[in-house]
Amino acid sequence: MEEELKGLPKKAKEKHTENKKFFAKLKKRPPKKLDYVMQELHKVEFEQTDCLTCANCCKTTGPLFTNADVERIAKHFRLKPSQFIDEYLRVDEENDYVLQQVPCTFLGSDNYCSIYEVRPKACREFPHTDRKKFHQISNLTLKNVAVCPAAYNIVEEMKKKIKL
């Protein structure tokens, strides 16, 4: 997995222009069954991908924390939301709550998440490849293929399955 992760940003960069063109076409004319195709590709990929062997998303990027996330996680820690924010989060340039630092504070050395049951929505949905209206998140997907080997594989399979 280490070797795969080392090479992932380079592989993603090599495919970036191709992927960008593909997603531009996809946005203009999304196939009717796109979401079903994506859900199936996502399901198949994650039957063979174990995130615990990777956790690159947790090591290299931080999720956005919604107000609901802050409330839920603060409650888990028996903190006031303002205390949780002060201790773990900062406001980024887009005015969103994000982690103060990466790798994620809640990631253990075994790649397990210490707040898994109450983790942020962005973490629960990552890499967002099975999301409804998938064609609307192409910019996010272009970023995620450089971070997540599963997202990279899903996009490569999607380009084979969907002819535009």
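This is a predicted model: local features need pLDDT of at least 70, side-chain atom pairs count only at pLDDT 80 or more; totals for chains, interfaces and linings use all residues.
Helices and strands here are DSSP runs, numbered from the N terminus. On that scheme, Arg 119 sits in the loop between S3 and H6.

Arg 119 is buried yet makes no salt bridge. The nearest side chain of opposite charge belongs to Glu 117, and it is 6.0 Å away, whereas a salt bridge calls for a nitrogen-to-oxygen distance within 4 Å. What the side chain of Arg 119 does have is a polar atom 2.7 Å from the backbone oxygen of Tyr 116. Beyond its neighbours within four places in sequence, Arg 119 is in contact with Asp 69, Arg 72, Ile 73 and Arg 124.

The largest nonpolar core counts 20 residues, and Phe 23, Leu 26, Met 38, Phe 134 and Met 158 have the most contacts inside it. Three helices each put in at least two residues: H1 (2–28), H2 (34–48) and H8 (149–161). H8 gives the largest share, with 6 residues. Met 38 shows how parts of the chain that are apart in sequence come together: leaving out neighbours within four places, Met 38 touches Thr 129, Phe 134, Ile 154 and Met 158. Another core lies apart from this one and has 15 residues, including Ile 73, Tyr 88, Leu 99 and Cys 104. Ile 73 also turns up among the contacts of Arg 119. Grouping of this sort is no surprise, as nonpolar side chains in soluble globular proteins tend to be buried together.

Most peptide bonds are trans, and most residues other than glycine have a negative phi. The bond from Val 102 to Pro 103 is cis, with omega near 0 degrees, and Pro 103 is in the loop between strand S3 (97–99) and helix H6 (121–125). The bond from Phe 126 to Pro 127 is cis as well, with omega near 5 degrees; Pro 127 falls in the loop between H6 and helix H7 (138–144).

Ala 55, not a glycine, has a phi of about 55 degrees and is found in the loop between H2 and helix H3 (56–60). Ala 55 is also buried, at a relative accessible area of 5%. For His 128, phi is near 65 degrees. His 128 lies in the loop between H6 and H7 and, at 7% relative accessibility, counts as buried.

Key:
Residues are numbered from 1 along each chain as its sequence is written. Side-chain values use heavy atoms; hydrogens and water are left out. A nonpolar core is a set of buried Ala, Val, Leu, Ile, Met, Phe, Trp, Tyr and Cys residues joined through side-chain atoms within 4.5 Å. Buried means under 20% relative accessible area, exposed over 50%, partly exposed in between (1.4 Å probe, protein chains only). Helices (H or I, at least four residues) and strands (E, at least two) are DSSP runs, numbered from the N terminus. Contact means heavy atoms within 4.5 Å. Lys and Arg count as positive and Asp and Glu as negative; His and the chain ends are not counted. A polar contact is a pair of N or O atoms within 3.5 Å; within protein, one must be able to donate a hydrogen and the other to accept it, and residues adjacent in sequence count only if both atoms are side-chain atoms.
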